[in-house]
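This note sets out several points for a reader who is meeting the structure for the first time. Please keep the model open while reading.

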Amino acid sequence: MSRKRAAKPAASDSPPVGQIAIAMIDMPERLRPVDTAWASALAASMEMRGLDSPIVVRHVGARYALVAGAHRLAAARLLGWSAIPATAKGLTDAEARLVEIDENLLRHELTALDRGLFLLERKRVWNELFPEVAKRGRRRKARAGEVEASSLFQCRNIGDNSEGSRRESGQAGHNSDGAPVVRFTTHAAEQTRLSERLIQRSVEIVGRLDPTAIPFLRASVLKDNEAQLNALSMLEPGEQVSVARVAAERGVTTVAAARLALGTVTPEAIDPAEAAFDALTRAWSRANGAVRGRFRRYLDQEDRATAALASDEVGQ
(Lines give C-alpha, C1' and ligand atoms only; values in the text may rest on other atoms or scores of the structure.)
Protein backbone atom coordinates (compact mmCIF):
# COMPACT_ATOMS: atom_id res chain seq x y z
CA MET A 1 0.00 0.00 0.00
CA SER A 2 3.00 2.28 0.23
CA ARG A 3 3.53 2.59 -3.53
CA LYS A 4 2.17 5.93 -4.77
CA ARG A 5 -0.34 5.75 -7.57
CA ALA A 6 -3.28 7.69 -8.92
CA ALA A 7 -6.84 6.62 -8.30
CA LYS A 8 -8.50 4.13 -10.59
CA PRO A 9 -11.20 5.76 -12.70
CA ALA A 10 -14.70 5.37 -11.29
CA ALA A 11 -16.85 2.60 -12.72
CA SER A 12 -19.19 5.02 -14.48
CA ASP A 13 -20.06 6.41 -17.89
CA SER A 14 -19.80 9.96 -16.51
CA PRO A 15 -16.98 12.22 -17.75
CA PRO A 16 -13.80 11.89 -15.65
CA VAL A 17 -13.52 14.22 -12.69
CA GLY A 18 -10.40 16.31 -12.20
CA GLN A 19 -7.57 14.63 -10.30
CA ILE A 20 -6.16 16.65 -7.41
CA ALA A 21 -2.95 15.79 -5.61
CA ILE A 22 -3.75 14.41 -2.16
CA ALA A 23 -0.75 16.21 -0.70
CA MET A 24 -2.42 19.51 -1.67
CA ILE A 25 -5.63 18.75 0.28
CA ASP A 26 -6.01 19.85 3.90
CA MET A 27 -8.73 18.42 6.14
CA PRO A 28 -10.29 21.02 8.45
CA GLU A 29 -11.85 19.96 11.74
CA ARG A 30 -14.87 17.76 11.05
CA LEU A 31 -18.16 17.49 12.90
CA ARG A 32 -17.78 13.72 12.95
CA PRO A 33 -14.35 12.14 13.44
CA VAL A 34 -13.11 9.75 10.76
CA ASP A 35 -13.84 6.13 11.64
CA THR A 36 -10.62 4.29 10.84
CA ALA A 37 -12.39 0.93 10.54
CA TRP A 38 -14.85 2.38 8.02
CA ALA A 39 -12.02 4.05 6.09
CA SER A 40 -10.19 0.69 5.89
CA ALA A 41 -13.31 -1.07 4.62
CA LEU A 42 -13.83 1.70 2.08
CA ALA A 43 -10.21 1.38 0.98
CA ALA A 44 -10.76 -2.31 0.16
CA SER A 45 -13.72 -1.37 -2.05
CA MET A 46 -11.84 1.49 -3.72
CA GLU A 47 -8.88 -0.82 -4.38
CA MET A 48 -11.12 -3.04 -6.51
CA ARG A 49 -13.64 -0.63 -8.01
CA GLY A 50 -12.10 2.81 -7.88
CA LEU A 51 -13.93 5.82 -6.50
CA ASP A 52 -17.58 6.14 -7.57
CA SER A 53 -18.23 9.55 -5.97
CA PRO A 54 -15.56 12.26 -6.15
CA ILE A 55 -14.76 14.20 -3.02
CA VAL A 56 -15.60 17.92 -2.86
CA VAL A 57 -12.93 20.52 -2.13
CA ARG A 58 -12.56 24.29 -2.28
CA HIS A 59 -9.65 26.61 -2.96
CA VAL A 60 -7.96 28.10 0.10
CA GLY A 61 -5.01 30.13 -1.09
CA ALA A 62 -2.71 27.91 -3.14
CA ARG A 63 -4.08 24.73 -1.56
CA TYR A 64 -7.40 22.92 -1.24
CA ALA A 65 -9.58 22.34 1.81
CA LEU A 66 -11.77 19.26 2.03
CA VAL A 67 -15.49 19.98 2.01
CA ALA A 68 -17.06 16.52 1.71
CA GLY A 69 -15.57 13.03 1.57
CA ALA A 70 -13.37 12.65 4.66
CA HIS A 71 -13.64 8.85 4.72
CA ARG A 72 -12.94 8.62 0.98
CA LEU A 73 -9.87 10.82 1.37
CA ALA A 74 -8.66 8.79 4.36
CA ALA A 75 -9.16 5.58 2.35
CA ALA A 76 -7.19 7.01 -0.58
CA ARG A 77 -4.33 7.85 1.76
CA LEU A 78 -4.39 4.30 3.13
CA LEU A 79 -4.12 3.03 -0.43
CA GLY A 80 -1.17 5.30 -1.13
CA TRP A 81 -2.92 7.17 -3.95
CA SER A 82 -1.05 10.27 -5.09
CA ALA A 83 -4.21 11.95 -6.45
CA ILE A 84 -7.95 11.56 -6.03
CA PRO A 85 -10.99 12.43 -8.17
CA ALA A 86 -12.37 15.69 -6.83
CA THR A 87 -14.70 18.54 -7.66
CA ALA A 88 -13.47 22.03 -6.69
CA LYS A 89 -16.20 24.52 -5.81
CA GLY A 90 -16.11 28.18 -4.93
CA LEU A 91 -17.63 28.19 -1.45
CA THR A 92 -17.48 30.43 1.58
CA ASP A 93 -16.74 28.93 5.00
CA ALA A 94 -20.46 28.78 5.84
CA GLU A 95 -21.45 27.35 2.47
CA ALA A 96 -18.75 24.67 2.73
CA ARG A 97 -20.05 23.72 6.17
CA LEU A 98 -23.56 23.26 4.76
CA VAL A 99 -22.29 21.04 1.95
CA GLU A 100 -20.39 18.89 4.47
CA ILE A 101 -23.45 18.61 6.70
CA ASP A 102 -25.94 17.81 3.95
CA GLU A 103 -23.73 15.16 2.38
CA ASN A 104 -23.41 13.39 5.73
CA LEU A 105 -27.12 13.65 6.44
CA LEU A 106 -27.86 11.93 3.14
CA ARG A 107 -25.78 8.94 4.17
CA HIS A 108 -27.36 6.07 6.11
CA GLU A 109 -24.58 5.27 8.57
CA LEU A 110 -25.21 8.30 10.80
CA THR A 111 -26.31 7.54 14.35
CA ALA A 112 -29.18 9.46 15.94
CA LEU A 113 -26.58 11.45 17.90
CA ASP A 114 -24.50 12.44 14.87
CA ARG A 115 -27.62 13.23 12.85
CA GLY A 116 -28.72 15.65 15.58
CA LEU A 117 -25.25 17.20 15.83
CA PHE A 118 -25.12 17.76 12.07
CA LEU A 119 -28.61 19.28 12.04
CA LEU A 120 -27.84 21.55 15.00
CA GLU A 121 -24.69 22.79 13.24
CA ARG A 122 -26.66 23.22 10.03
CA LYS A 123 -29.09 25.49 11.83
CA ARG A 124 -26.21 27.51 13.30
CA VAL A 125 -24.65 27.95 9.86
CA TRP A 126 -28.03 28.82 8.32
CA ASN A 127 -28.49 31.55 10.93
CA GLU A 128 -24.99 32.79 10.14
CA LEU A 129 -25.79 32.99 6.44
CA PHE A 130 -29.14 34.63 7.14
CA PRO A 131 -29.00 36.65 10.39
CA GLU A 132 -32.68 37.48 10.01
CA VAL A 133 -33.43 33.94 11.18
CA ALA A 134 -32.22 34.61 14.71
CA LYS A 135 -33.54 38.17 14.80
CA ARG A 136 -36.99 37.18 13.62
CA GLY A 137 -37.00 34.22 15.98
CA ARG A 138 -36.46 36.51 18.95
CA ARG A 139 -39.12 38.95 17.76
CA ARG A 140 -41.73 36.45 16.69
CA LYS A 141 -41.49 32.96 18.17
CA ALA A 142 -44.19 31.66 15.86
CA ARG A 143 -41.98 32.34 12.86
CA ALA A 144 -38.65 31.11 14.23
CA GLY A 145 -36.52 29.56 11.55
CA GLU A 146 -37.91 31.61 8.64
CA VAL A 147 -35.71 33.82 6.52
CA GLU A 148 -36.01 36.06 3.52
CA ALA A 149 -34.13 34.18 0.85
CA SER A 150 -31.13 36.13 -0.35
CA SER A 151 -30.07 36.12 -3.98
CA LEU A 152 -27.96 33.05 -3.19
CA PHE A 153 -31.05 30.95 -2.52
CA GLN A 154 -33.32 32.67 -4.99
CA CYS A 155 -31.08 31.41 -7.81
CA ARG A 156 -29.40 28.23 -6.56
CA ASN A 157 -28.77 25.74 -3.80
CA ILE A 158 -25.52 26.10 -1.89
CA GLY A 159 -22.60 24.47 -3.64
CA ASP A 160 -24.54 23.73 -6.82
CA ASN A 161 -24.30 25.90 -9.92
CA SER A 162 -26.29 23.63 -12.22
CA GLU A 163 -29.29 24.94 -14.11
CA GLY A 164 -31.50 22.34 -12.44
CA SER A 165 -30.82 23.88 -9.04
CA ARG A 166 -31.75 27.43 -10.05
CA ARG A 167 -35.00 27.53 -8.16
CA GLU A 168 -36.43 28.94 -4.99
CA SER A 169 -35.93 26.48 -2.16
CA GLY A 170 -38.26 25.94 0.78
CA GLN A 171 -40.50 28.88 -0.05
CA ALA A 172 -43.19 29.32 2.61
CA GLY A 173 -44.90 32.49 1.35
CA HIS A 174 -43.95 36.14 0.89
CA ASN A 175 -43.44 39.02 3.27
CA SER A 176 -44.87 42.52 2.84
CA ASP A 177 -42.03 43.41 0.45
CA GLY A 178 -42.79 40.43 -1.77
CA ALA A 179 -39.54 38.61 -0.94
CA PRO A 180 -39.78 34.81 -0.67
CA VAL A 181 -39.64 33.44 2.89
CA VAL A 182 -37.87 30.16 3.65
CA ARG A 183 -37.92 28.14 6.84
CA PHE A 184 -34.76 26.45 8.05
CA THR A 185 -36.56 23.14 8.55
CA THR A 186 -38.17 23.28 5.10
CA HIS A 187 -34.88 23.88 3.31
CA ALA A 188 -33.07 21.29 5.44
CA ALA A 189 -35.78 18.72 4.68
CA GLU A 190 -35.48 19.35 0.94
CA GLN A 191 -31.70 19.01 1.00
CA THR A 192 -31.47 15.99 3.33
CA ARG A 193 -34.70 14.08 2.58
CA LEU A 194 -35.53 14.01 6.28
CA SER A 195 -38.94 15.02 7.60
CA GLU A 196 -39.31 18.47 9.12
CA ARG A 197 -40.58 16.94 12.36
CA LEU A 198 -37.52 14.70 12.63
CA ILE A 199 -35.26 17.69 12.00
CA GLN A 200 -37.01 19.75 14.68
CA ARG A 201 -36.93 16.92 17.21
CA SER A 202 -33.26 16.09 16.56
CA VAL A 203 -32.18 19.71 16.93
CA GLU A 204 -34.15 20.11 20.16
CA ILE A 205 -32.70 16.96 21.74
CA VAL A 206 -29.05 17.50 20.82
CA GLY A 207 -29.34 21.18 21.66
CA ARG A 208 -30.01 20.21 25.27
CA LEU A 209 -27.05 17.83 25.56
CA ASP A 210 -23.90 18.88 27.40
CA PRO A 211 -21.04 18.92 24.85
CA THR A 212 -18.80 17.19 27.41
CA ALA A 213 -21.07 14.14 27.26
CA ILE A 214 -20.74 13.70 23.49
CA PRO A 215 -17.46 11.66 23.45
CA PHE A 216 -18.89 9.23 26.01
CA LEU A 217 -22.17 8.94 24.09
CA ARG A 218 -20.27 8.10 20.90
CA ALA A 219 -18.73 5.14 22.75
CA SER A 220 -22.11 3.91 24.03
CA VAL A 221 -25.21 2.26 22.58
CA LEU A 222 -27.22 5.34 23.55
CA LYS A 223 -25.84 7.16 20.49
CA ASP A 224 -28.36 5.46 18.19
CA ASN A 225 -31.40 5.57 20.46
CA GLU A 226 -33.29 8.83 20.08
CA ALA A 227 -35.65 8.08 22.99
CA GLN A 228 -32.71 7.56 25.35
CA LEU A 229 -30.91 10.64 24.05
CA ASN A 230 -34.06 12.61 24.76
CA ALA A 231 -34.26 11.19 28.30
CA LEU A 232 -30.61 12.09 28.85
CA SER A 233 -31.13 15.62 27.54
CA MET A 234 -33.71 16.24 30.27
CA LEU A 235 -31.11 15.77 33.03
CA GLU A 236 -28.84 18.42 34.49
CA PRO A 237 -25.57 18.85 32.55
CA GLY A 238 -23.39 17.31 35.25
CA GLU A 239 -25.57 14.23 35.52
CA GLN A 240 -25.67 13.92 31.73
CA VAL A 241 -21.89 13.49 31.66
CA SER A 242 -21.94 10.94 34.50
CA VAL A 243 -24.72 8.91 32.87
CA ALA A 244 -23.00 8.98 29.47
CA ARG A 245 -19.72 7.85 31.03
CA VAL A 246 -21.43 4.90 32.75
CA ALA A 247 -23.22 3.98 29.51
CA ALA A 248 -19.90 3.94 27.67
CA GLU A 249 -17.89 2.10 30.32
CA ARG A 250 -20.47 -0.44 31.52
CA GLY A 251 -22.49 -0.97 28.37
CA VAL A 252 -25.87 -0.10 29.92
CA THR A 253 -28.60 0.48 27.35
CA THR A 254 -30.87 3.02 29.04
CA VAL A 255 -30.53 6.25 30.97
CA ALA A 256 -32.58 4.77 33.82
CA ALA A 257 -30.17 1.84 34.20
CA ALA A 258 -27.18 4.19 34.21
CA ARG A 259 -28.76 6.40 36.88
CA LEU A 260 -29.50 3.31 38.94
CA ALA A 261 -25.88 2.21 38.63
CA LEU A 262 -24.74 5.66 39.74
CA GLY A 263 -27.08 5.60 42.72
CA THR A 264 -28.72 8.90 41.73
CA VAL A 265 -32.13 7.19 41.79
CA THR A 266 -33.56 4.26 43.74
CA PRO A 267 -35.20 1.22 42.16
CA GLU A 268 -38.55 2.45 43.47
CA ALA A 269 -38.13 5.69 41.56
CA ILE A 270 -37.65 3.92 38.23
CA ASP A 271 -40.73 3.91 36.03
CA PRO A 272 -41.85 0.26 35.66
CA ALA A 273 -42.32 0.79 31.94
CA GLU A 274 -38.77 2.13 31.70
CA ALA A 275 -37.43 -0.85 33.63
CA ALA A 276 -39.31 -3.25 31.35
CA PHE A 277 -37.96 -1.49 28.29
CA ASP A 278 -34.44 -1.71 29.68
CA ALA A 279 -34.81 -5.45 30.26
CA LEU A 280 -36.19 -5.90 26.75
CA THR A 281 -33.36 -3.98 25.07
CA ARG A 282 -30.74 -5.86 27.07
CA ALA A 283 -32.28 -9.17 26.03
CA TRP A 284 -32.39 -7.98 22.40
CA SER A 285 -28.72 -7.03 22.46
CA ARG A 286 -27.82 -10.55 23.63
CA ALA A 287 -30.10 -12.36 21.17
CA ASN A 288 -28.78 -13.98 17.98
CA GLY A 289 -30.32 -13.59 14.54
CA ALA A 290 -32.67 -16.56 14.91
CA VAL A 291 -34.11 -15.30 18.19
CA ARG A 292 -34.53 -11.79 16.80
CA GLY A 293 -36.34 -13.16 13.75
CA ARG A 294 -38.65 -15.17 15.99
CA PHE A 295 -39.40 -12.09 18.08
CA ARG A 296 -40.16 -10.03 14.97
CA ARG A 297 -42.66 -12.71 13.87
CA TYR A 298 -44.24 -12.56 17.30
CA LEU A 299 -44.66 -8.79 17.02
CA ASP A 300 -46.21 -9.20 13.56
CA GLN A 301 -48.72 -11.67 14.99
CA GLU A 302 -49.54 -9.30 17.85
CA ASP A 303 -50.07 -6.43 15.40
CA ARG A 304 -52.41 -8.54 13.26
CA ALA A 305 -54.37 -9.68 16.31
CA THR A 306 -54.72 -6.08 17.54
CA ALA A 307 -55.88 -4.91 14.10
CA ALA A 308 -58.42 -7.76 13.88
CA LEU A 309 -59.79 -6.93 17.33
CA ALA A 310 -60.14 -3.26 16.43
CA SER A 311 -61.95 -4.22 13.22
CA ASP A 312 -64.39 -6.44 15.14
CA GLU A 313 -65.14 -3.66 17.62
CA VAL A 314 -65.89 -1.23 14.78
CA GLY A 315 -68.25 -3.77 13.15
CA GLN A 316 -70.27 -4.31 16.34
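Is histidine 187 buried or exposed?

1. Histidine 187 is buried, at a relative accessible area of 1%. Here buried means under 20% relative accessible area, exposed means over 50%, and partly exposed lies in between, with a 1.4 Å probe and protein chains only. The residue belongs to helix α7 (residues 184-192); helices (H or I, at least four residues) and strands (E, at least two) are DSSP runs, numbered from the N terminus. Its side chain is joined to that of arginine 122 by a polar contact of 3.2 Å. A polar contact is a pair of N or O atoms within 3.5 Å; within protein, one must be able to donate a hydrogen and the other to accept it, and residues adjacent in sequence count only if both atoms are side-chain atoms.

2. On the basis of the values, the model is predicted: local features need pLDDT of at least 70, side-chain atom pairs count only at pLDDT 80 or more, and totals for chains, interfaces and linings use all residues. Residues are numbered from 1 along each chain as its sequence is written, and side-chain values use heavy atoms, with hydrogens and water left out.

3. The model has 14 salt bridges, a salt bridge being a side-chain nitrogen of Lys or Arg within 4 Å of a carboxyl oxygen of Asp or Glu. One of them pairs aspartate 26 with arginine 63, with the closest N and O atoms 2.9 Å apart. Aspartate 26 is in strand β3 (residues 25-26) and arginine 63 in strand β5 (residues 63-68), so this pair ties together parts that are 37 residues apart in sequence. Aspartate 26 is partly exposed, at 34%, and arginine 63 is also partly exposed, at 30%.

4. Another salt bridge, of 2.7 Å from N to O, is formed by the side chains of glutamate 239 and arginine 259. It links helix α11 (residues 237-250), which holds glutamate 239, to helix α12 (residues 255-262), which holds arginine 259; the two residues are 20 apart. Glutamate 239 is buried, at 19%, while arginine 259 is partly exposed, at 23%. Elsewhere, salt bridges with shared partners join Arg30, Arg97, Glu100, Glu121, Arg124 and Glu128 into one network.

5. How many cavities of 30 Å³ or more are there? The count is one, where a cavity is a set of points, on a 1 Å grid over the protein atoms alone, at which a 1.4 Å probe fits but cannot get out; lining residues have an atom within 4 Å of a point. The largest cavity holds about 50 Å³ of space, a volume being the space filled by probe spheres set on the points, which are joined across faces, edges and corners. Its lining includes Arg115 and Glu226, and helix α4 gives the largest share, four residues.

6. Glutamate 226 and arginine 115 also meet in a salt bridge (3.3 Å, N to O). Glutamate 226 lies in helix α10 and arginine 115 in helix α4, so the pair ties together parts that are 111 residues apart in sequence.

7. In α10, the buried residues are Gln228, Leu229, Leu232 and Ser233. Down the axis of α10 they fall within an arc of 140°, so they line one face of the helix; the arc is that of the directions from the helix axis to the C-beta atoms. An α-helix has 3.6 residues a turn, so residues three or four places apart point the same way.

Conventions: On a 1 Å grid over the protein atoms alone, a cavity is a set of points where a 1.4 Å probe fits but cannot get out, and a pocket is an open set with protein on both sides within 12 Å along at least five of seven lines; lining residues have an atom within 4 Å of a point.
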